[in-house]
Amino acid sequence: MDQEFYDVQTYRSVPAQGPGPGTPDGTTPEEFYWFGGDDAEAPQQLGYEVYEHFAPAPVPEFDPAFDPAFAPEPEYEIPEVPETGWSVAGGRRRSWIGRMLLLSVLVVQAMLSLRLHNTAFQDEALYLFAGHQELDHLLHGTPLPIDYSGYFSGSPWLYPVLGAAADSVFGLTGARLLSLLFMLGATVLLYALSRRLFNERVALCAAAFFTVLQSTITLGFFATYDAPAIFLLALSAWIVVRTNRATPLAVLLAAPVAALAVAVKYAAGLYLPTLVLLAVLVGWPYRGRAQALVRGLLLALGTGGLLGAAMVFGHMTAGLQTTTTSRVQGTDSAAKLLSESAQWGGLMFAVACGGALAYIVRERMHEAVDVTAVRSTRRWRAALALLLCGTALLAPAYQIHLHTSTSLHKHIGFGLLFAAPMAGIGITRLMGAHFRQPQLGILVWVVMLALGLSQSTARFTSWPDSTQMVQVLGRHTSPTGRYLAETREVPVYYLHGATKANQWTSTYGTGYSYRDAHGRVYQGADGYRHAVADGWFDLILLDGKSTPAMDAVIRQAITTDGTYRLIASLPFTTSQGPGTYQIYSKP
Amino acid sequence: MTPRHTTVRIRSAAVAVLCLVLVLAGCGSSRHDSSGGQADAGAASAAAAAPSTPYDVTPLIKPSRKYLGVALATVPKSMTEYDAYSRAIGKRPDLVEYYASFGDGFDAQGVRRIYDDGGLPYMAWEPFEPSLASIASGASDAYVTSFARSVRALNLPLAISFGHEMNGNWYAWGMTKATPEDFVKAWRHIHDLFEQAGATNVIWAWSPNVINPVPSIALKPYYPGDAYVDWVGMIGYYTVTGQNTFDQLFGPTMRQVRQFTRRPFVIAETASQLGPRRQTDVDDLFDGVAAHADVVGFIWFNVPKRADWRIQSTPHALAEYRKRAAADLFGFDVRKP
């Protein structure tokens, strides 16, 4: 199994049209015989009868004086020696070994994610709380206090509802475990598609390396849109690859999944071109150029049509524009974004590029010296390698365009999902034929593991533990109070049984307006200043992280007026530095 | 060396160098993620050392019942005298004042003893040295911060009255030794250091002497501001020859204070001079505190200092005190306000 394309048990050619019977483990051998190139027809069927028969032993000439009964027994017999000491063919045993190794990879992935712990991040809190409100709306007709579709980066009717359902039963841990299931599923699908494109060794390496990425570890225990979106992208990519020998219409199976991925998280739309091109590329060898292009066209039209309908009927346009396509430009420099991208995915990308180059130069490592089967063309390999590796650059490139590093640490994992198969090739080539240098593969994996561990820990400690803050707030809140909180999503989520969302005001609002007892209206910072001076809020929570400029305004008002008293000062340390929750109340 | 071995070695070296470079880059990401802050180890150690949820003193600032306080010479070093006093008046005092010089260490054990007996410790912090200007300039920041951290770490309620009777001329920090600006600056500076240390379990009591002996000294210039004060303490004694009614003793001060703040009052030190009026004074004190909703209670200075202020020294006054203290309005367990 040294080559990236599968061999077959008998080394016979098989019909190129249709999926064919396949080997017992489900691996289909056809790709091994593909010539590729510009041939519009199905790949030629080439016969290889390498093991067909050994020539019959020559019959010795008859010797009348020879009596076999008195012939001496040979002192030893030379056993029949096979051409190679192992088989490159697929089989049940090899499949199970592969699956067991994949299971080990999944166990490692689960352990890496489950070791993370912190209270809810503000995005998690926001989505889960919104999901609770939408669940109430769906189940009990409770009116929604706000139209979340206007500013969510994914449909509020998909993941938030699902996450809130898990949260209702198992709490935040349940919602995060749901994300873990999605990420484990993505790894399984990555393995499956890599195995189908190449072989088990590449697939296992791809899965093992994808597993230890910072983004994979973090998103595996993070209750946001990202995990389901990655899973759906992986599922649609797998369908695209799995149906590459079937009729072009079969690729339409991937269309609703891809559309759903985009609906779950709009940023997943960045990867739709990759799916379309992948559909063309992987179909080309088996269905020819024309049908491959039809595959791509069908997938594009199918996905586009579904998304268009969702835009019209699902009211996704405003949110899509606000959060994704017309997102407000940031101020982060390209150098900073490139540096962060390199830190979070540089090694994986480098290995993938190495694998891509090696794959373009040589399709396989020729471990089986007797296999001289058909190869794909270099041009096709280059196109596939470029597509998979290039996809890893989409998120950094788009965020450089937007000048924002927001969520880049998560988005980078979307592209690396596609680059992972090439990284798998890179590692197999690094280890060499017959595992001559396994230490090199292990070295790179351990380095990536160390990076993934430290970076995921840093991500999960990048926001403060809110346990004590929520405890203090919980003692002072009531169903009728008015509260000002710098990161309102967290207390809104944790205190949703004791307070309502509309009792909480954030310090973000440049559009905040306050009407005093005399009917005068104050906007923005002036509004906060007068509201504090008038003691409008019963509690004020500041953390100095999200809106430091507005914090200064509010603190100045607190100090000047004296209406509020500091009732708790709770220091915290995150990976971004120390900070303090300060909670003020009216004595 | 064969060409194959050379290739392997070159490949190994290239991989090792690549890994090293990317590890360094990647580790950088975890340490300086986005804003360049603390290492993970810092986060972990901070989490391990995170103090418990701060004691919420809010219910103690305006309790539904009145404080029945006392200052005793040997408390909090020993609670023996406290127990004896409690037996004498028939109720355990819930506001227990003690005196500490600025520069002394924080008596955490003494504070815990008071609290364990159901009382709110009230520390009169006396800045005999250094000067208020020096404190305001930050010269004592290390000491104050250390003190504040100890207070936060103990996490029990504590009332602090810094530089009491600042409007008099008999103390080193009084009106003849320091300006009102120095006093306010020093107070605010100390208060801010306590906030920075997270010591929100302190009730800040600003305690001038009643203005009767120093009527020309305005209190407002000495007032640090509502953002820095929880209680306005008043210090005044019933004397045989001076003011001997609640209104005469505390009224002028309360009226002047109300011109610049609505903070509640606490009578931070009071007692009645030995004499024939003592029983009446006790009645007047209890009546006055009960009649004013904005007076949260009083502290009886039960210390023989310059005069014998101990209530036990006058049996009929003690009996009256005991009878009035028995009312539900006075005294409560600060652990269950």
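## Strands 6 and 7 of chain A

Two strands pair if DSSP finds at least two bridges between them. This is a predicted model. In chain A, strand 6 and strand 7 form a hairpin, with two residues between them. Strand 6 covers residues 565–574, and strand 7 covers residues 577–585. The two run antiparallel and are joined by nine bridges.

How many residues of strand 6 of chain A are buried? Eight of its ten residues are, so the strand is largely enclosed by the rest of the structure.

## Domains of chain A

The domain assignment of chain A gives domain 1 as 92–324 and domain 2 as 467–585. Their C-alpha centres lie 37 Å apart. Nine residues from domain 1 and nine residues from domain 2 make up the contact. On the side of domain 1 that touches domain 2, six residues are nonpolar, three are polar and none is charged.

## Helix 7 of chain B

Helix 7 of chain B takes in residues 141–154. At 1.5 Å a residue, its 14 residues should span 20 Å. The end C-alpha atoms are 20 Å apart, which agrees.

The buried residues of this helix are V144(B), F147(B), A148(B), V151(B), R152(B) and L154(B). They cover an arc of only 165 degrees around the axis, so they sit on the same side of helix 7. What do they pack against? Their partners in chain B are helix 5 (108–116), strand 4 (158–162), helix 8 (180–196) and strand 5 (202–206). Just after helix 7, N155(B) takes a positive phi of about 60 degrees.

Methods
Residues are numbered from 1 along each chain as its sequence is written. Chains are lettered from A and ligands numbered from 1 in the order in which they are written. This is a predicted model: local features need pLDDT of at least 70, side-chain atom pairs count only at pLDDT 80 or more; totals for chains, interfaces and linings use all residues. A residue is buried if 20 or more other C-beta atoms lie within 10 Å of its own, exposed if 12 or fewer, and partly exposed in between; C-beta atoms are placed from the backbone. Helices (H or I, at least four residues) and strands (E, at least two) are DSSP runs, numbered from the N terminus. Domain bounds come from an automatic or database domain assignment. Two residues are in contact if their C-beta atoms, placed from the backbone, lie within 7 Å. Ala, Val, Leu, Ile, Met, Phe, Trp, Tyr, Cys and Pro count as nonpolar, Asp, Glu, Lys and Arg as charged, and the others, Gly among them, as polar. The expected span of a helix is 1.5 Å times one less than its number of residues. The arc is that of the directions from the helix axis to the C-beta atoms.
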